[in-house]
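Dear colleague,

I am handing over the structure that I have been working through, and below it I set out what was found. Please read the notes with the model open beside them.

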Amino acid sequence: MPLEAREVSFYYRRGEWVLRRASLIVNPGEIVGLRGESGSGKTTFARIMAGYLKPKGGVVLLDGTPLPRGCYNPVQLVHQHPEKAVNPRWRILDILEEARGVDSETMELLGIDPSWLNRWPNELSGGELQRICLARALRPETRYLIADEITTMLDAVTQAQIWKAILEMVWEMGLGVLAISHDVSLLGVVADRVVEMEKI
Amino acid sequence: MIKGEGGKAGGRLQPPEGRLREVTLDTAFELENKPSEPLNQERGLSLLEVRELSISFVQYSKGLHQRTITPILELDLAISRGEVVAVVGESGSGKSLLAHAILGILPVNARVSGEILYEGQPLTPERLEKLRGLEITFVPQSVQFLNPLMRVGAQVPIRQRKEKREELVRKAFKRYRLPEGTERKFPFQLSGGMARRVLVASATLGGARLIVADEPTPGMDAATTREALWHLRELADEGRAVMLITHDLEQALQFADRVAVFYAGTTLEEARAVDFSGDGSGLRHPYSKALWGALPGNGFRAFTGNQPSPDDLPEGCLYAPRCKMATDECYASRPVRKYLRGGWVRCYHAT
């Protein structure tokens, strides 16, 4: 039941290939690290894996079939900048409500303080807001998480906190994770295997 | 060293009348919160001294309901000529706001107490007006600080004749690998990484004596990042003072002389960069040790809890609610600064 990119190619402008025949498999309960420099197409690949972009060639398959449309997407993407991923005019509660609410277990796991729920996004720090974005993405139906530099802008303590929570979900619920980062030492401790962007 | 207690003769401190007090190195180093004392007594007065700075805002939440938030509380920082001081801490620990306070660009409703001294004199709005952009430069975190209606070359703050100015700007932009002709472009014509390089190049090309760089490198590729940080290091070696705000401790340690660890708007510790090594036992504050131990290469140790919210700060030490060593004393009052092994710390239990 893997998530698979099969020979995926993409360009924004004709002739300028960002991805060429990129293939990668993520299995349930596995964390695959994807390392690359900025501008190497990491985010583009993340968006394709989560179904936000349609590849110009190749396919993304979940359990051997294309990603489902018109229902909850079991492949969820979390971005580098949480403040750009939430509506600044919604309270945290409403942001989570859009994802049909979050159970208290997930909140506890991610270290979300219930007092944050009545706040506005600009009243939370980047690390706090990133946890909200993860809670929103990690519903029980979610089977794969695409984590695109999710802790790059955070301090070491918050980074460790967030990844420990994700690891727990991987071990307990068999979540599969594609961890995209430029940070070799981070991928070294969280990923089961690390793949170079240039080699996929 | 206590001021005026230099030589051997008469160097002994006299106990206050009627109370005998044993003078040890530690008590002699205890700071008495006198504004006339330099923050770092070993090195004397620094070029920039921020002392007991607090900043709060009154906000209207619903109708006429007011609440006060205090994003910076009793914060200290000293930066001398010739050094790079890294300011590290979580987002929301007051790093950027401090930079804005130094530059005098706080929102008008900010309530400020404490002191910001430049060359020993308060940085008043009048003085800032003269110094800002020339003697004190700023690399803002957001590229939106560029004026969208001006060509970027014209936004570089140097006072030179036209030809000389253009040559300097071209050279500085070239150093940061900006393509030729960038100086004639408008901000919207640049990518995020290019705009950031323009900001760093602008702040570093003139004769600034204090450079405040707020997260200057995200969005740059690895080579340009190294180049930018090396340039800041070089400028410090030439005798300027550099404040490098960053969330990336590992990267900062490669370029900084000292590290100020911020937490919930205060400075918990000012350490030498070399103190961040090995098992972290050279560090003084439990939070600094936790920060060091949380790095992927140093154990990746997570610990629970969150930074307190600026509208609900604890009475005592701001770190106490998360601290394993916290005692009643820590919850009751905030620790004052204590000198220890060439740095200083705000902790009752620091060893």
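Strand β1 (residues 3–13) of chain A pairs with β2(A) in the antiparallel sense, over seven bridges; strands here are DSSP runs of E of at least two residues, helices are runs of H or I of at least four, both numbered from the N terminus, and two strands pair if DSSP finds at least two bridges between them. Within this pairing, Y11(A) stands opposite W17(A) in β2(A).

This is a predicted model, in which local features need pLDDT of at least 70 and side-chain atom pairs count only at pLDDT 80 or more, while totals for chains, interfaces and linings use all residues. Residues are numbered from 1 along each chain as its sequence is written, and chains are lettered from A and ligands numbered from 1 in the order in which they are written.

The two strands belong to an open sheet of four, with antiparallel pairing and the order β2-β1-β4-β5 in chain A. Because β2 (16–26) and β5 (65–66) of chain A stand at the edges with a single partner strand each, one side of each is left without a neighbour in the sheet. Helix α1 (residues 42–49) of chain A lies across β1, β2 and β4 (57–62) of chain A, and runs at about 125° to β1(A); such angles run from 0 to 180 degrees between N-to-C directions, with axes fitted as lines to C-alpha atoms, for helices over the stretch in contact.

M49(A) is in contact (C-beta atoms, placed from the backbone, within 7 Å) with L3(A), A5(A), V60(A), V75(A), I146(A) and L178(A), leaving aside its neighbours within four places in sequence. In the largest nonpolar core, which has 145 residues, M49(A) and L244(B) touch the most other members. Such a core is a set of buried Ala, Val, Leu, Ile, Met, Phe, Trp, Tyr and Cys residues joined through C-beta atoms within 7 Å, where buried means that 20 or more other C-beta atoms lie within 10 Å of the residue's own, 12 or fewer being exposed and values in between partly exposed.

Chain B comes to nine helices and twelve strands, with 40% of its 351 residues counted as buried. The contact between the chains takes 23 residues from chain A and 21 residues from chain B.

With best wishes

Technical notes. Contact = placed C-beta atoms within 7 Å.
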